[in-house]
Amino acid sequence: MVSVTIKDVARAAQVSVATVSRTLNGHGNVAEDVRRRVLAVANDLRYTPHAAARSLSSRRTQTLGVVLPDLHGEFFSELVRGVDQVAREHRLHLLVSSYHGQPEEQVSALRAMRGRVDGLLVMSPYAAAQVSIAEELAATLPTVLINAQDASAETPSLNVDNYGGAQAMVEHLVAAGHRRIAFIAGPEDNFDANERLRGYREALARLLPGAPEWVLPGRFDEASGNAAGNALLAARERPDAVFAANDMMALGCLFGLVQGGLRVPDDIAVTGFDDIPLARYVHPALTTMRVNIAELGARAARMLLARLNPEPAADAAQAPGEHSNPLEKPRQSEPLRPELIVRESGLRRGGGA
């Protein structure tokens, strides 16, 4: 059987080999009708680029590396889903690794990516890991950080507005009539957790002067949320509302309170942060701050691709029908702002919003 070459595709699509190459490699400067025609011809001819040869000629692996604190839970699966959607649009693969919530293991995960990927997406919310990231990534791989505490101009980052989101949730609870608001915190050395705690504290001080803080420890997992709920059940006094620093802890807390005989939200309101898919399917459905997690991953991936494939600005020499690169420019991006989603668990006592 004679193998189909890129020249065969170009001849059948009546375009240049360069145009076929740009199309199959996901470059943005190809007109949409041309892109569709090339892809249709390649599919009809059953053309498959030779990955090894393509890597040798381009010195690219056609793979993006993703290093995350953990792989457990819906947040990380949604994040990877967003990254993968963009990667698939550009015919790229993903190599995913985790340092299992142990910042000291992050260096090993980063080193394992060298030579295997063209660029890196790194979620690094732990303060202790920032120095190691800078040392490991300096002059090695194009990188975009996600939710990192200290990003430099050389290493662009994309963050969630955790502080503003936490303030918005406290504002909602106060407006709903709650005056004793407890907060289930995340890990002490986690940037996201600290920003959400800071937002809770400052909003509480601003909206309810003199009201005491009520902070319970947590680890961003269901078990620690459940432990916090059980601690509240055993307390002589209980809060009007509980704001957990993420949905997993909120769901664990919700389960513990309901199992202990309390009615949510009649006896106590429960709210979270992230809006993982499960949040809307529990009973009562969870009030939370929605972070478009898949879009967070997709935006970070587009920023990385813009670093890997910088396109020249459009000028008079640009080919007819072609356009400038639509990828997000590699810069410090505006924070992703969470949206308040009010569901049954966080309603006002008596059923009002």
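Predicted model: local features only at pLDDT ≥ 70, side-chain atom pairs only at ≥ 80, totals over all residues.

Reply:

Helix H1, which covers residues 6–13, packs against H2 at an angle of about 105°, and their axes lie 8 Å apart. Since angles of 65 to 115 degrees count as roughly perpendicular, H1 is therefore roughly perpendicular to H2. On the H1 side the contact is made by Ile6, Lys7, Val9 and Ala10, and on the H2 side by Val17, Val20 and Ser21. Sorted by class, the residues of this contact of H1 with H2 are 5 nonpolar, 1 polar and 1 charged.

H2 spans residues 17–24 and H3 spans residues 32–44; the two pack at an angle of about 90°, with 10 Å between their axes. H2 is therefore roughly perpendicular to H3. From H2, the residues Thr19, Val20, Thr23 and Leu24 take part, and they meet Val34, Arg35, Val38, Leu39 and Ala42 of H3. The contact of H2 with H3 comprises 6 nonpolar, 2 polar and 1 charged residues.

The protein contains 12 helices and 11 strands. Of its 353 residues, 50% are buried. Among contacts between residues at least 6 apart in sequence, 72% join residues at least 24 apart. The average pLDDT of the protein is 85, and 82% of the residues score at least 70. Residues 312–326 call for separate mention: pLDDT stays under 50 there, and the model has 15 contacts beyond four places in sequence for this stretch.

Leu68 belongs to strand E1, residues 63–68. With a relative accessible area of 0%, Leu68 is buried, because buried means under 20%. Beyond four places in sequence, Leu68 touches Phe76, Leu79, Val80, Ser97, Ser98, Tyr99 and Met123. Val122 is 54 residues from Leu68 along the chain, yet 6.2 Å separates their C-alpha atoms.

Arg196 is located in helix H9, residues 191–207. Its relative accessibility is 3%, so Arg196 counts as buried. When residues up to four places away in sequence are set aside, Arg196 touches Asn162, Ala166, Phe183, Phe220, Ala245, Asn246, Phe273 and Asp274.

Ser224 lies in helix H10, which runs over residues 222–234. Ser224 has a relative accessible area of 3% and is therefore buried. Apart from neighbours within four places in sequence, Ser224 is in contact with Pro217, Gly218, Arg219 and Met249. A polar atom of the Ser224 side chain lies 2.9 Å from the backbone nitrogen of Arg219. Ser224 and Gly252 are 28 residues apart in sequence, while their C-alpha atoms are 7.3 Å apart in space.

**Backbone features in the loops**

Most residues other than glycine have a negative phi, and most peptide bonds are trans.

Phe220, one of the residues touched by Arg196, is not a glycine but has a positive phi of about 70°. Phe220 is situated in the loop between strand E7 (215–216) and H10. Its relative accessibility is 21%, so Phe220 counts as partly exposed. Asn147 also has a positive phi, about 55°, although it is not a glycine. The loop that holds Asn147 lies between strand E4 (143–146) and strand E5 (157–158). Asn147 is buried, because its relative accessible area is 2%.

Cis peptide bonds occur in loops as well. One joins Val264 and Pro265, with omega about 10°; Pro265 is in the loop between helix H11 (247–259) and strand E9 (269–274). Another joins His283 and Pro284, with omega about -5°. Pro284 is placed in the loop between E9 and strand E10 (287–290).

Definitions and conventions. Residues numbered from 1 in each chain as written. Heavy atoms only, no water. Axes fitted to C-alpha atoms, helices over the stretch in contact; angles between N-to-C directions. Helix = DSSP H or I, 4+ residues; strand = E, 2+ residues; numbered from the N terminus. Parallel < 35°, antiparallel > 145°, perpendicular 65-115°, else oblique. Contact = heavy atoms within 4.5 Å. Nonpolar A, V, L, I, M, F, W, Y, C, P; charged D, E, K, R; others polar. pLDDT = per-residue confidence, 0-100. Buried < 20%, exposed > 50% of the residue type's maximum accessible area, 1.4 Å probe, protein only. Polar contact = N/O pair within 3.5 Å; in protein donor to acceptor, adjacent residues only side chain to side chain.
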